[in-house]
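Hello,

Here is the structure we spoke about handing over. Please open it first; my notes follow below.

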Amino acid sequence: ADGCRFAAALDPASIELFEQPCAAADWEANAAVARISRVPVMLDESIYDLVDIQRAAGLEGVGFVKLKLKKLGSIERLKRGLEHIRELGMEPVLGDGVAAEIGCWMEACVARTTIRNAGEMNGFLKPKARVFSTPLRFERGCLHLEAGFTPDIDRGALEAHRVALERLAAPRVAAPRVAAPAT
């Protein structure tokens, strides 16, 4: 009810979208707000796969869907999800405000060819320590990727922040004994 009152009172001038008004699992509440919202709703926390994207497309008033690499599990699935959002008549949004450098860099690489709006690849700005030898370049509110840039991991930075090291390996299986032939 609070979400519906808020959405109905929005002045759509200068507001691009209304992000995820209700709890992730409460599709019914999100749908109710989207139906009466004066600006398009963007679903984010509710979206984990192509089935969720399809479900969002069936909701009146949902105009945007935001994806994160960590939810889709691979760059290929992320790219396909962003393309699927557009195919279904919605606008894709990309980014994770809590991802570190590696995740933000991978999302930015995908964003270059799949989105038309500002992404949220800004999580790397929050930690004080960096793991890339050459930091991602951020100027005037934008992440800049130089052509051909591939990050190198600063092994010293990783080592300085290591709490523990565990080495996991499959247990060794002894080779089966073969009985010597009888003579």
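Cysteine 4 is partly exposed, since its relative accessible area is 23%, and partly exposed covers the range between under 20% (buried) and over 50% (exposed). Before going on, please note that this is a predicted model.

Cysteine 4 lies in helix α1. Leaving out residues up to four places away in sequence, cysteine 4 touches Ala32, Val33 and Ile36. With isoleucine 36, the separation along the chain is 32 residues, while the C-alpha atoms are 6.7 Å apart.

Helix α1 (residues 2–9) packs against helix α2 (residues 27–36) at an angle of about 20°, and the axes are 8 Å apart. The two helices are therefore roughly parallel to each other, as angles under 35 degrees count as such. The crossing of α1 past α2 is right-handed. On the α1 side the residues are Gly3, Cys4, Ala7 and Ala8, and on the α2 side they meet Ala32, Val33 and Ile36. By class, this contact of α1 with α2 holds six nonpolar residues and one polar residue, with no charged ones.

**The α3/α5 contact**

Leu50, Ile53 and Gln54 come from α3, and they meet Arg80, Gly81, His84 and Ile85 in α5. The residues of this contact divide into three nonpolar, three polar and one charged.

**The nonpolar core**

Which residues of the largest nonpolar core touch the most other members? They are Leu43, Ile47, Val62, Val65, Leu67, Leu78 and Leu94, out of 36 residues in that core. Two or more residues each are given to this core by α2, β2 (41–43), α3 (50–57), β3 (62–67), α4 (69–72), α5 (75–87) and α6 (101–114). The largest share comes from α6, with five residues.

Leucine 78 is one of the core residues named above, and its contacts can be listed. Setting aside neighbours within four places in sequence, leucine 78 is in contact with Leu67, Lys68, Leu69, Leu72, Leu94, Glu107 and Val110. Among these, Leu67 and Leu94 are also on the list of core residues that touch the most other members.

**Two residues with positive phi**

Glutamine 20 is not a glycine, yet has a positive phi of about 30°. Glutamine 20 sits in the loop between β1 (18–19) and α2. Is glutamine 20 buried or exposed? At 10% relative accessibility, glutamine 20 counts as buried, because the cut-off for buried is under 20% relative accessible area.

Arginine 140 is likewise not a glycine, and its phi is positive, at about 45°. The residue is placed in the loop between β5 (137–139) and β6 (142–144). With a relative accessible area of 83%, arginine 140 is exposed, because exposed means over 50%.

Regards

How values were computed:
Residues numbered from 1 in each chain as written. Predicted model: local features only at pLDDT ≥ 70, side-chain atom pairs only at ≥ 80, totals over all residues. Heavy atoms only, no water. Axes fitted to C-alpha atoms, helices over the stretch in contact; angles between N-to-C directions. Helix = DSSP H or I, 4+ residues; strand = E, 2+ residues; numbered from the N terminus. Parallel < 35°, antiparallel > 145°, perpendicular 65-115°, else oblique. Left-handed = near helix turned anticlockwise from the far one by under 90°. Contact = heavy atoms within 4.5 Å. Nonpolar A, V, L, I, M, F, W, Y, C, P; charged D, E, K, R; others polar. Buried < 20%, exposed > 50% of the residue type's maximum accessible area, 1.4 Å probe, protein only. Core = buried A, V, L, I, M, F, W, Y, C linked by side-chain atoms within 4.5 Å.
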